Amino acid sequence: MSAEEACELALLSINSFQRDMSSPNMLLRSLALRVMCSIRIKDIVTLQMLAASTCARDSSPYVRKTATYALSKLYRLDPEQKPQIVEILGKLIG
C-alpha cells in the first residue's frame, strides 16, 4: 500500500471517528479519539489536533483524560504542534 492510499484510507475512517465523537456515550467518544489519534500518518495531524482540542473541553473527565493522552501521541508524531498542544494542556489544567 502506498503512502497516498494509506492517507486516503485514513481520511475515510476519520469521518466515522468524528461522528462517534459526538455520541452521548462518553466511552464511545473516548474510544473514537483514542483510535483516531493512534493513526500514525502525519498528513492528518491537523484533524487529530482538532479532535483532541474538542475532547479537551468535553464535560466528561474520562474524555478529557483521553485527550491528554492523545496530545502526547500527537507530539511524538509531529513535534511542530507543540504551541497548540501547550495551549490545549493549559485549558485542561485551568
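Q: How many helices and strands does the protein chain have?
A: Helices (H or I, at least four residues) and strands (E, at least two) are DSSP runs, numbered from the N terminus. In this predicted model, local features need pLDDT of at least 70 and side-chain atom pairs count only at pLDDT 80 or more, while totals for chains, interfaces and linings use all residues. Residues are numbered from 1 along each chain as its sequence is written, and side-chain values use heavy atoms, with hydrogens and water left out. The protein chain has five helices and zero strands, in the order α-α-α-α-α.

Q: What does the radius of gyration say about the protein chain?
A: The radius is taken over C-alpha atoms, and the globule rule is 2.2 Å times the number of residues to the power 0.38. For the protein chain the radius is 13 Å, close to the 12 Å from the rule for 94 residues, so the chain is as compact as a globular protein of that length. The C-alpha trace spans about 40 × 30 × 15 Å along its principal axes.

Q: What percentage of the residues count as buried?
A: Buried means under 20% relative accessible area, exposed over 50%, and partly exposed in between (1.4 Å probe, protein chains only). Of the 94 residues in the protein chain, 38% are buried.

Q: How many salt bridges does the structure hold?
A: Side chains of opposite charge can pair when their charged atoms come close. A salt bridge is a side-chain nitrogen of Lys or Arg within 4 Å of a carboxyl oxygen of Asp or Glu. The structure holds three.

Q: Where do R29 and D58 lie?
A: R29 is in helix α2 (residues 26-36), and D58 is in the loop between α3 (45-56) and α4 (61-77). Their salt bridge has an N to O distance of 2.9 Å and links distant parts of the chain, 29 residues apart. Both R29 and D58 are buried.

Q: Which residue forms a salt bridge with D78?
A: The partner is K42, with the closest N and O atoms 3.8 Å apart. D78 lies in the loop between α4 and α5 (82-93) and K42 in the loop between α2 and α3, so the pair ties together parts 36 residues apart in sequence. D78 counts as buried at 5% relative accessibility, whereas K42 is partly exposed at 46%.

Q: In which helix do K91 and E87 lie?
A: Both are in helix α5, four residues apart, about one turn of the helix. K91 and E87 form a salt bridge whose closest N and O atoms are 3.7 Å apart. E87 is partly exposed, at 49% relative accessibility.
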